[in-house]
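This short report looks at charged side chains that pair up in a protein chain. Please keep the sequence and the structure in view while reading.

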Amino acid sequence: MKEHERLKLVRKTLNQTQLEFSEALDIKQGSYSDVERGKAGISSALIKHLIRKFNVNPIWLIEGDGNMFIEQHQITSLSNFSESVNNEAKTKESSELDSQLEQALLQQKALSAIDDIIDFLK
């Protein structure tokens, strides 16, 4: 699946018309239609709007890897996540904690990569 096909899938998943979606992304409907049909590329400004307005995962959009949307728990700060892990540490076994900490580190890397993409797009 190509980028423009994934973009169309995002719009359809959100149950929006091209007009509704293009207005939300601050782009003319005709220009958006060209992008969705693959006649024009996806600009960095469009990617930035997709991330900020709809939590679209830019890695999924560009490469097709991962989830379509950035999950809310990935957007929260690592300190909040660490606090919840510490609270659960009192009742969970060590092996479960190791798994959660490993997951937290992976999420931290993902957040860092997303931050780098957003900084790049600025």
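A residue is called buried when its relative accessible area is under 20%, exposed when it is over 50%, and partly exposed in between, with a 1.4 Å probe and protein chains only. The model is predicted, so local features need pLDDT of at least 70 and side-chain atom pairs count only at pLDDT 80 or more, whereas totals for chains, interfaces and linings use all residues. Residues are numbered from 1 along each chain as its sequence is written, and side-chain values use heavy atoms, with hydrogens and water left out.

The structure holds three salt bridges, a salt bridge being a side-chain nitrogen of Lys or Arg within 4 Å of a carboxyl oxygen of Asp or Glu.

| Salt bridge | Closest N to O |
|---|---|
| E36 and R11 | 2.8 Å |
| R37 and D34 | 2.5 Å |

In the pair of E36 and R11, distant parts of the chain are linked, since E36 belongs to helix α3 (residues 29-36) and R11 to helix α1 (residues 3-13), 25 residues apart. Helices here are DSSP runs (H or I, at least four residues), numbered from the N terminus. Both E36 and R11 are buried.

K53 counts as partly exposed at 39% relative accessibility, while D26, with a relative accessible area of 56%, is exposed.

In the salt bridge of R37 with D34, R37 is partly exposed at a relative accessible area of 46%, and D34 counts as partly exposed at 29% relative accessibility.

Notes: Helices (H or I, at least four residues) and strands (E, at least two) are DSSP runs, numbered from the N terminus.
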